Amino acid sequence: MAQQPFIVGNWKMNGTRPLLAEARAIDRGAGRRSGVRVALAPPFTLVMAMAEALGEVAVGGQDCHAAPSGAHTGDVSAPMLVDAGAQFVILGHSERRADHGETDEQVRAKADAAIEAGLSIIVCVGETEAQRDAGDAEGVVAAQLEGSLPAALPEGASELTVAYEPVWAIGTGRVPAVADVSAMHARIRQELVTRYGEAGADVAILYGGSVNAANAAELLAVPEVGGALVGGASLTADSFLAIVLAAGADQD
Ligand code: PEP
């Protein structure tokens, strides 16, 4: 099924309240463009304010704990994200896997908790440069999918988005060859269909890693690339909306 491109901004650990002005400008811009789904994942501290301020753009978290509440100092649960106005959560980002030692098993537990709380999830996978050089990229990603994804999608494909983000492309200005993106997205689709049957054919698969206004159109034209997860270029309305336009948005 052909779906609207999905462009998601990941603000990472960036932004205090003054940056909400950029989010509002992104929201206004998204409202003037049709044909593309747009979302932003700010730090936890801005989720509620952003969710209250925006109308067109979905707001989500960048992580959640697998438990709904309890003695987990510094963590935030999926029901808390829902309470703050979040509609989705990014899980298993390579920076969380690297900085916090998150395992596939933990990512899956978070995924189950998020879906249970009513959030849709964006599960990130991707190989390191050494793994790609060793010829293991597809095997590594397939194993991450096997370990990180929820067993079932009770409400269907819209609950899940997969983001393929080669670790070596994040924040580096380097992007894989189009042929490599194409091969990896085809492999991810195959894994999703094997796992979820018909629903797996409709799960959106995003590319992430140094997407910007100059390279977005080429990357988004690759078969099975259903959108982009954007870090650095999502922090200003100018750079982010240029990617939204490149995704094929009609200017109303
Ligand atoms: C990311 O961290 O998800 C990301 C894709 O970052 P960047 O666009 O800055 O490479």
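First, the basis of the work. This is a predicted model, in which local features need pLDDT of at least 70 and side-chain atom pairs count only at pLDDT 80 or more, while totals for chains, interfaces and linings use all residues. Residues are numbered from 1 along each chain as its sequence is written, and side-chain values use heavy atoms, with hydrogens and water left out. Helices (H or I, at least four residues) and strands (E, at least two) are DSSP runs, numbered from the N terminus.

Let us turn to the helix pairs. The axes of helix H1, residues 20-31, and helix H11, residues 237-246, come within 9 Å and cross at roughly 25°. Axes here are lines fitted to C-alpha atoms, for helices over the stretch in contact, and angles run from 0 to 180 degrees between N-to-C directions. H1 is therefore roughly parallel to H11; angles under 35 degrees count as roughly parallel, over 145 as roughly antiparallel, 65 to 115 as roughly perpendicular and the rest as oblique. On the H1 side, Glu22, Ala25, Ile26, Gly29 and Ala30 meet Ala237, Phe240 and Leu241 of H11, where contact means heavy atoms within 4.5 Å.

In the second pair, helix H5 (residues 104-117) packs against helix H7 (residues 137-148) at an angle of about 45°, with the axes 7 Å apart. These two helices are therefore oblique to each other. Asp104, Glu105, Val107, Arg108 and Ala111 of H5 meet Ala143, Gln144, Glu146, Gly147 and Ser148 of H7.

Where is aspartate 63 placed? The residue sits in the loop between strand E4 (58-61) and helix H3 (78-84). Aspartate 63 counts as buried because its relative accessibility is 5%; buried means under 20% relative accessible area, exposed over 50%, and partly exposed in between (1.4 Å probe, protein chains only). Leaving aside neighbours within four places in sequence, the contacts of aspartate 63 include Phe44, Leu81, Arg96 and Lys110.

Finally, I come to the loop residues. Lysine 12, in the loop between strand E1 (6-10) and H1, has a phi near 50°, a positive value in a residue other than glycine. Serine 210 lies in the loop between strand E8 (204-208) and helix H10 (216-220), and its phi is near 60°, also positive in a residue other than glycine. Serine 210 counts as buried, because its relative accessibility is 17%.

Thank you for your attention.
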